[in-house]
Amino acid sequence: MGVLVLLSLVLITIYFRESSGGPLHRTQGVGAAVLRPFEVGVERVTRPFRDVYGYFHGLAVAKSQNAHLRAQLERYRQLYDQNATAFHDNIYLTKMLQYEQGRRFPTDYRAVNTRVLAGPPSQFEQQIVIAAGSNQGIARYDPVVTPAGLVGDVTKVFTNVARITLLTDDQSAVGAMNLRGASGLIRHGSSPGGALTLDQVTKDQVVRTGDTIQTQGSLAGNLPSVYPRGISIGTVTHVGQSDVGLYKDIQVNPFVDFSSLEAVIVLVPKVRTAQLP
């Protein structure tokens, strides 16, 4: 073994010291030339096998992707069929039952934009006075909004002025819901800062922090509401419940800043109907 190692060292030393035309370099070139045909042959023999492997591998990947796309297509087709069926049933039942949806917001209303003349007189009287009245077509119970959301409703009307009761007033109650279908009544909150309470929401209904609350278009017992369905009110900031309470404890942060109302929009119905007493 030692002799072979010594011989290898000697050959390496001679290889690096001799010129490029030396015997060891010539031997290396001859060996490479001899082996070149074998390398070319091996390349030609193995290339079809590599091509066949690549073909079948690509075919397997394509089949897998095709199956996945087919499954997705089938799922979307089922969803489309379900939605189309629900849409058809809705049209059919509406015609069959002659379903009355009430006024639609905002298409069935015209906007009366007006300035706020006077703010709330105190924390316990959450009412404002606006510079528009019966001469502008405003009547009692007309909803009042801003671009942000619901403000309240008209509670007293004069010729060119009217009084608005805000959502933050302790006498105010608005039928409201989230987009999950949970419903209750929006009332003034006990905490400062204009927070509201979504009251009478039973424990079986789903309400989560961050849910958007909007007008439901009806009150408890399916009584009609003065507010049309779909007016934004605020965002749920807290949801809790006690073991003994019947309803959830839900706090709502209104979209409207009631502390800085300078102008509001009164929603006047395009067609007046009999009003609530």
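Two strands are taken to pair if DSSP finds at least two bridges between them, and helices (H or I, at least four residues) and strands (E, at least two) are DSSP runs, numbered from the N terminus. The structure described here is a predicted model, in which local features need pLDDT of at least 70 and side-chain atom pairs count only at pLDDT 80 or more, whereas totals for chains, interfaces and linings use all residues. Residues are numbered from 1 along each chain as its sequence is written, and side-chain values use heavy atoms, with hydrogens and water left out.

With these terms in place, one barrel is closed by 6 strands in the order β6-β7-β8-β11-β10-β9, with antiparallel pairing. Strands of a sheet pair through backbone hydrogen bonds, either parallel or antiparallel. Strand β8 pairs in the antiparallel sense with strand β11 (residues 249–254) over 2 bridges, and here threonine 197 has glutamine 251 of β11 as its bridge partner. Strand β10 (residues 232–240) is in turn joined to β11 by 6 bridges, again in an antiparallel arrangement, with glycine 234 standing opposite proline 254 of β11.

A barrel is also closed by 6 strands in the order β1-β2-β5-β4-β3-β12, and the pairing is antiparallel here too; its twist averages 45 degrees from one strand to the next. Strand β1 (residues 109–118) is joined to strand β12 (residues 263–269) by 7 bridges, and these strands run antiparallel; threonine 114 has valine 264 of β12 as its bridge partner. Strands β1 and β2, which run antiparallel, are joined by 2 bridges, and valine 116 is partnered with isoleucine 130 of β2. Strand β12 also pairs with β3 in the antiparallel sense over 2 bridges, where valine 145 has isoleucine 265 of β12 as its bridge partner.

At the level of the whole chain, 2 helices and 12 strands are present, and they follow the pattern α-α-β-β-β-β-β-β-β-β-β-β-β-β along the sequence. Of the 277 residues in the chain, 28% are buried, where buried means under 20% relative accessible area, exposed over 50% and partly exposed in between (1.4 Å probe, protein chains only). The chain exposes about 18,500 Å², of which carbon and sulfur atoms supply 58%; accessible areas come from the Shrake-Rupley method with a 1.4 Å probe, and for residues, only the protein chains shown count as cover. Among contacts (heavy atoms within 4.5 Å) between residues at least 6 apart in sequence, 57% join residues at least 24 apart.

A nonpolar core is a set of buried Ala, Val, Leu, Ile, Met, Phe, Trp, Tyr and Cys residues joined through side-chain atoms within 4.5 Å. The largest such core holds 39 residues, of which Ile186, Ile233 and Leu261 touch the most other members, and the largest share of this core, 5 residues, comes from β12. When neighbours within four places in sequence are left aside, the residues in contact with isoleucine 233 include Leu150, Leu167, Val174, Ala176, Ile186 and Phe255.

Several loop residues were also examined. Aspartate 142 lies in the loop between β2 and β3 and counts as buried because its relative accessibility is 3%. A polar atom of the aspartate 142 side chain lies 2.9 Å from the backbone nitrogen of alanine 139. Apart from neighbours within four places in sequence, aspartate 142 is in contact with residues including Gly137, Gly152, Asp153, Val266 and Arg272. Tyrosine 141 lies in the loop between β2 (127–130) and β3 (143–146), and its phi is near 80 degrees, a positive value in a residue other than glycine. Glutamine 200, in the loop between β8 (196–199) and β9 (212–215), likewise has a positive phi, of about 60 degrees, although it is not a glycine. Glutamine 200 counts as partly exposed because its relative accessibility is 30%.

Definitions and conventions: Polar contact = N/O pair within 3.5 Å; in protein donor to acceptor, adjacent residues only side chain to side chain. Axes fitted to C-alpha atoms, helices over the stretch in contact; angles between N-to-C directions.
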